[in-house]
Each structure stands twice: as structure tokens, then as C-alpha cells.
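Reader: I've got this one open on my screen and I'd like a close look at a single part of it. Could you pick a spot in the aromatic packing, walk me through it, and then work outwards from there?

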Amino acid sequence: MKIAYFSFRFTKNLKPEQISLDVLKGNSKLQFIEINEDVLTEILELPSWLKIKKAYCTGVAVNVPWTKLKTCPIQIFIDEINVDVELTNEKKKAPKSNPLGNLGDSTSYGFINKIVENMSLYISSVEINFDSDVFGGSFMLQRLSVESRSPGWAQVKDLRQTRITCSTSNRTLMFKQLSWHLLRIEASAKTSKNEQRSKINAPLRLITSGGKIRIALKKNATDGSVIHARIQTILDDILWVATLPQLRSAISFASYIADLVKESQKNNVISTAHASDNPFIKEADKSSDAKTTTSAYNIFHFDQTSYHLHVKKIDLHLCDDAHTASDYPPDWDIDSGAMQVTLHQVLIDVYPKAHAQSDRSTWMRYPNPNPIVTWFNSHLNEQFMLLGNVEDETTKQRLERCWPQLIGFFVVLRVHDLTVQCVSDMNTKKDALTNLFESERHLHSLPSDQQIVHVEFGTFYHPHSDKLPVPNSAVYFQLGPFTVSFDERTTRWCCYVVHALSSAIEDGNLIPEKDLDVRPPTIKISLLMPRLVLNLPGPFTDFNFPQRLVASMSSLSISSSPYDFKDHKKFISLYRKKKEYPEIKQRLSSGKNRFHLSTSPVWIEIDHGPQTKGFPFLHDVSFNGIVAIDKDQVDVLVEPVEDISIVVDHYQFLQLTRLGDKFTQFFDQLTLDMKHYNMGKPKSNVRVDFLSAIARIRLYIVLTMGEIPSPYDQSAMNNFNHSFMDRLSEIASTKSMTNAASFANVSDIKVINEPTRRINQTATPEEFPEFPRGGIQNDSSPMLDEVASIATSVEDEAVFDYTEMASDDPFGLPEYADEAITIDEPAINDRTFRHTMAKQANVFMVSLKNLDVVGKVANENLRVDGNLTNIDLNERLGILRREINDLMRSNGDETNTTTQAHNAACFKFLSPANERISQFSIDINQLYATIDDEIITHLGAFAKDDFITENRLRLSINIHDSSIAVVDRRKKKPLRLRIKALSIEQEED
């Protein structure tokens, strides 16, 4: 029998007579069978740098159902399989004849072929040990089974249900499944060349619980040749705890393999004489399936070869196991840092020979149509226009004729959900863990087929010619919706990890050579509904201080496609003052490796926590930009499409200045870290040039109303109530309240004796929570001050018609006060937002027109120069807060009291390397302004901060040929200040 003959070919110590005699009985048991290494190497078609040294199995049992071979499979049971593999750079021997070449008639697909294909295999364990001079490792599978399945991957009792044959197209579909219960991969470095595998530690270990591989084959029903294959690998949950030493070891192992591959390519023996000997692997049939096929065949058939990986969940824990103090930069405060990354439903699809311009409707689990398909088709159209613009008419005609047959190699990576935690250390408590990155698919109700991460790579070639020009490869990256919360410790730790891994990559010579003439791929990055959260510095002793700054947009696009660079007229910086910075503008206009940046309207809000409504800070504004990269030169151009409108009040301004100080300290620390990492390395010569042109910036400064009481006016000080709780105490005493004031609902509190609001009337500062209340310490003040203000009258908002509550309300007791605030927090936040929007305030408006900014970074020195043509100042008194938002949305020029001459102001910012002090100077010319004295008196209080920080900025303001009129509405004529030359300087601390 041929089965016995080929069993003899695969083994070393097995006799054909023994097989024949036992198999005829239907059952056979054999002990310790040694497999022929050369034959197994040829069957598996291993690369030349892999050599099988030894292969054997401890026991084999065969069950042959002689009377049911058409419906029942031959079952082979193997106890253990052990294979020893050596990594070597020895020259590979010339291949002999294929051992499977005579398994059946090469011109027919007969009964014996089907019996072999339908065999079921069950193996208790498979262990493959690989060894080399530097590394050792193992690959182990437990309880491995290979079975024929139905098209729906269900177990069957009749083998005829595992095939679908179409007599019209002469094609057969068959389905096999390989499954296992445990997969373990180990690898480690050797301490000595002669170290045995059993003594090697396993610092790099990957274990998965279960998995399966589903193989669907489309074969020619005549000769049995494989036309297409669809292979799916499905894994359950994967938990991988990786340390930095393990990753370094993995990088070193990859470097060692890369060196072996390069060396083997020099010694490789190229032979194609036996390419057609294997009847199971032949070139795909060029003829397409006929339309008149069976319905079952139409449902399950596929028209191309593809490979797929599906992982249900991946939990990756990246840990820092370095315990040497010298590895860390100075002032390191992250002891044994760790970061967790969780990925849900990871899909990786590979299509090695797909039609380049197909609609991808036959791709597995691929939504169609979608913007990615449209972008790839537009990319190919652009490349065809570029490649077709050649002088050789023959090449042009051949390209047009071969272009419809263009083939692409595509790789698709998709992740259904993704979460990245901030770094934690040994001292981090569980309730203190926060997320650095988290998706928002649950907030936006995304369809199930839309992934959070979608990456697609495609490279192209002509199947019948290697001399025709091919399109540039392309990469599309889509991410979102998501939220990123900036965390300083995580950023610092990630820089440390990146440095450690990049050093290992450099040591392993895995970085591509710079001299290689490889065209970079065309890249498109699309971020959907990204959100950036910056936590403002605390402590938050007053509810008026905001806690977060949230920047949001609908989309952000970054592309290197030539299609995005067709129109440069929208960039003001490239055409205004053409004689200035010509080299930078030339690189931005026509340089290589350019990226176009485009955003939807961006808006920024400042809120008091995750569940609170945000107050507008930056009104909707879109941005366009260009980034040009050329060796050690980076040029950046960013311009807003609309006017920039910003509104800020006192508490927001203080928090923003504190945030600036916090970032300054963080970047100083990051600079020291980078110097520590790059110690002993040459300094970077990268230079960055930045250009920007802004048509107009509108700044709205929200101020309190009324005159600030003078400390010499005793009557005004006696009538000055410092806090809301003082008023409540008076109310409580007049009503003889025995318990502390209790209010279950802030809408049930009534404010009495509220003064009538008039613009010209002197108002007390307690009417406006923006005004800093200093000098009075009241522990109970923040409880109600965060939900109410005397600034709103009954007429303005009926919901603040406060009335008393019974004094026996349990939430009025001191021990329940904190709990009451927590319970009512959503209602309090909403009511506070509506109350703030209904308040009256004064607004000081500043408009800056035609602003040009140029920045340079070289040798760690930063220099920013800028100028503007107009500065307009205006004011609005007694305006509601919500009306300010209407001013931000309007495009009209409401600042009409001041006109400016050309070059109204020039400014300069310097931050020298290796110095802690920065310098900022501005020269203002011909400033003409008329300002109300109430605005001027409140500007000083607006910028006052009781929280003292170190001043590291040397400030210089120079005003020339200007005139400022200060209006006192109680007097007929203003006070005029005529300034010929004025200098205002603030030295650093």
C-alpha cells in the first residue's frame, strides 16, 4: 500500500511489513518512532537557517475503519512529539525529490488523496526545542487535534459533509480545524555556549489557554491542486507580563535571527526544478468560477488566499524590573513602574495577492464601503497619474495595459476596544489608578462593526513584469473616538522605556541603513472625535477653581498624499512677505516628505470634574498645517481657518498660569532626563522652524462689577459681607434656628435684602464669586458657596427662589454635610452652570489682528519672534455671561474704539539652553485706548494670585507714542495718559 510506503519514507526505524500486518487488523500501536529529519525538512520547506537535528514520537496508535473509509476518518493518536531545531548559518543542501510527489497520480485527484486529507490526528503534546550559540527556547502545544469539519465548523459524523464540490466550476471546498488546549512559548539567552536547553531560564514566556486554526481550501477537483486557502487562527484571552529585560532579550533574539537570515541568503541554493512536483501547491487557476454554481458553494466559496488572526482579549503588563539606580535619571520617583494595556477583539488579516482596486466586498468581517477603501482608490489614481507622466511612450502604453491587473499585498489590523492605564508603582493604591487612554465607543453608541483602531497597509506589484514602475506603498491609520488624559509620571516613564528599547534596537543593528534608497510610504492618519484632558493643579480649596481643561474636536487628519497639497493659497504665511524666510517657505511648498494637517472645529472647555458641564474657553476654530521633514530639518506651518476667540475669568486665569508653571517644571525635568539618557552620545543636530499667521485673536476677560471698597472708607467696609455664609448666618439668627443651617435643595433657599442691580450703582464684591474672598476663614463656607451666589436675583432666574427648610432635616447636621454634597453633586453642578451663565459681569475685550509668528529650535535653544498690525481694545459693562458666548460666535468686529498703525507690536521670546530663566519682551507702538476706570481697578484683582510660585520669566514691556483715556462715569471728562516712552520690567526671582 502507498500509505505504508510513505510511512516508511518518513521514519527511520519502522519496517513496512510491520505496518501492513497491523493496519490490516484495523488497529496498530507502535512505540518510539524516529522521524527522518531530511524528509521532514523538505516537507515543511523550512528556511536554510533552520535545521532539524532530531525528531521522534514516543507512541503511535492508528484506527482504520476499513468498511467506512468514505464516511469515517482514519484516526491517528500520538502520545508525544519532540523536535530539536538548530539555528545555523550553514549552507543548505540541494533538495531531493519531494516525498509527497508520488502520493497519488499527479494528473488525477483520487480516492487515496481524499483518505489522506480526511485523516484525524490527536497528539497529547508537541514540544519543539530550538537551540543556538546565543539563545535557546521551546514551543509547546498540549492536546492538539486535527479534524475535518463542516463548512460551519461543526463536528460531523459523515465525512461527505466536510466537502462541497461544484461540478460546473470543477472546484472543491474542504474544511479542517486544528485546535489545542495550551500554548506555551519560552525563550532566553544562554550564559555559555555549551549550556543545555533544560538548564536555561525562561525570562521571556507567553502562555495562552486555548485556540484553534480553521483551514478552508479551494482545490481543483481534477488534480487536487490548491487554488486558494483561507486560514484563521483564533485565540482566547492572552495574559502577558513583560519586563524590560525580557523585551531587551527579545530584541537581541530578533537581531540574531536577522543576522542568520542575511547570512543564509548568501549561501542559499536557489532551485525551482521541483516547484511543480507537489500536487497540493500549484499556481491559482486563472479561470474564474462560473456563475451557474451550486447555492452552497456560492455561500462558502472565496476568491483569494488570506490569513487571519482573531484574539478575544489581550492583557499586556509592561513592567520595569531594573533595580540599578544608575539606570534611572535624577530625581526618579517611580519605583518598579508598571503599565497595563488591554485590547479587546484584536483582528489581523493578511491578503498576499488581492486585486489592488477591488472593492473588498469579499474580505472577512470587513465593512464596505468605508472611507479607507475610497482613500486607497484615490491613492492609486494619483500614483497612476504620476507614473504615467513619462516621456517613453512604450512604457506608458505598457503601464496603461497592465494597470488593471495590479496586485496588492494588504495587512489589516483592527481592535474593537482599547484601554491604557497610567503608570503605577509599588505605592499606588487601587482606587488611585487612572486611564491614560480610553475609548468612548460606549458614549457614542458606535456600530458593532466599527473598530476603535483600524490600520491598513498595502504594497503593490505587477504580476507579469518587474520592470514597470509600481505605486508607492500606503498606510491608513484610523483611531477613535477616544480620550487621552495627560499624566506627567506616565510620560516620564514612557520616555524611560522608549530609551531602553531604542538602545537595545541600536545595539542589535535592527535600524535600517540610512543609505538605502527606500521610498517612504504614503501615510494617512485619521483621528475621530479625539479628546485631550489636562488636569489643572490643585488643591481645590474653593469650588470656583476649575479642575480640568478639555480640548475636543470631531476629526484630525494628517496625510502625506499629494492630493492634499494641491492648494497652498489658503496658507497666509506662504504668500505674505515672500522675501522673508524663503528657504523655509520653499521646503513647506515643494519639499519632500511633507504632511498635511487638517482639523474640524476645535473647542476647549474648562470644567470642575468629569460629571460637570464645561465653561467655554476657546470657541470653535479649525486649523490647517504643513509639516516638512528632511533629514535633520523639520519645518512646521499651522494656521487657524477662523478667528480665535477666547474667554477667561479670574479663577480660570489663575489655574492656567499655575498649569503653565507646572508644565515648565515638567519640561525642565524631562530635559534633564533626556540628557541622562543621551550621556556619551553626540548631540542632536535636528532643527525645527515654525511659522504661523493668524488673522485675528479675540480675548474676552470677564471681570466683576462695582467699585472695590477702599480700606479708608469705614462705612463701605462695615457693609461689606465677605461670604455667602455670613448672610445665611444672619438669616438663621433672625429665624431662631436651633440647628446649623440645613438645605436639602439649594432651590429652597431664599435670598433676602438683595440690592437692585444697576450698572452705575456701587456693588459689593460678594455679588460675584469671581472676586477673591480673602481674610475670612469659614469652614462651612465652601459647602453652599459652590452652589449659590447672591449675584442672581429672583427676576433673573426663578429656580433661585430660595426658601427655608425645616431645621430637623438630617442633611443639615454637620456629620451628614459631606454626604449631602456627594448625593446632590450632579444637580448642584447643573444649577451652578446655569447660575453662572445668568450672572452679570464686565468684559474687557482685546483684539489682535494680522499676527505673524516665527519660531526656531536649534541646539536646545528656543526663539520665537512675532509682530501684529492692530491692537483693538473695547469693553462691555453689565453683560450677562451667556451673552459673552454669543459674542464669541459672532464674526463681527465689536471692538471699534481703537485703530492702530502698521506694526502695532513686536514681541520676542528667548529660552536659552542650560538656563532656567526665559526672556519675553514686547514693544507696543501708537496705542490709543479709552477704558472705564472700573475695568482698570478690577484688572489688578483679576491677575492677583495668593498662591506664590517662583518667577522664572524676565519680562519687559515697552510702550511708545501712545495715549490712554481713563473714563470716570461720575465725571464729565476722562483722565488722559500721553506716553512718549514707557518701560515696564519684571525681573526673575
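Author: **Around tryptophan 363**

Setting aside neighbours within four places in sequence, tryptophan 363 is in contact with Gln304, Tyr351, Ala354, Phe410, Val412 and Glu456; contact here means heavy atoms within 4.5 Å. Before going on, a word on what you're looking at: this is a predicted model, where local features need pLDDT of at least 70, side-chain atom pairs count only at pLDDT 80 or more, and totals for chains, interfaces and linings use all residues. Residues are numbered from 1 along each chain as its sequence is written, and side-chain values use heavy atoms, with hydrogens and water left out.

So where does tryptophan 363 sit? You'll find tryptophan 363 in the loop between strand 14 (338-355) and helix 7. Helices (H or I, at least four residues) and strands (E, at least two) are DSSP runs, numbered from the N terminus. Tryptophan 363 has a relative accessible area of 4%, so it counts as buried. The cut-offs are under 20% relative accessible area for buried, over 50% for exposed, and partly exposed in between (1.4 Å probe, protein chains only). Aspartate 303 is 60 residues away from tryptophan 363 along the chain, yet their C-alpha atoms are separated by 9.6 Å.

Now for the rings. Tryptophan 363 belongs to a cluster linked by ring pairs, together with Tyr351, Tyr366, Trp375, Phe376, Phe410, Phe460 and Tyr476. Rings of Phe, Tyr and Trp (its six-membered ring) pair if their centres lie within 6.5 Å; planes under 30 degrees apart count as stacked, over 60 as edge-to-face and the rest as tilted. The structure holds 24 aromatic pairs. One of them is tryptophan 375 with tyrosine 476, an edge-to-face pair at 5.5 Å centre to centre with 65° between the planes. That pair links distant parts of the chain, since tryptophan 375 is in helix 7 (residues 371-387) and tyrosine 476 is in strand 18 (residues 474-479), 101 residues apart. Tryptophan 375 and tyrosine 476 are both buried.

Tyrosine 496 lies in helix 10 (residues 488-507) and tyrosine 677 in helix 13 (residues 650-677), so the pair ties together parts that are 181 residues apart in sequence. Tyrosine 496 and tyrosine 677 are buried too.

Arginine 143 isn't a glycine, but it has a positive phi of about 55°. It is found in strand 5 (residues 135-148) and, with a relative accessible area of 55%, is exposed. Tryptophan 153, also not a glycine, has a positive phi near 65°. Tryptophan 153 lies in the loop between strand 5 and strand 6 (163-166), and at 14% relative accessibility it counts as buried.

Over in the strands, strand 22 (residues 548-553) pairs with strand 25 (residues 602-607) in the antiparallel sense over six bridges; strands pair if DSSP finds at least two bridges between them. Methionine 553 stands opposite valine 602 in strand 25. Strand 25 is also joined to strand 26 (residues 615-621) by four bridges, and those two run antiparallel. There, valine 621 is the bridge partner of valine 602.

Zooming out, the secondary structure of the chain comes to 20 helices and 38 strands. Of the 989 residues, 45% are buried. Among contacts between residues at least 6 apart in sequence, 76% join residues at least 24 apart.
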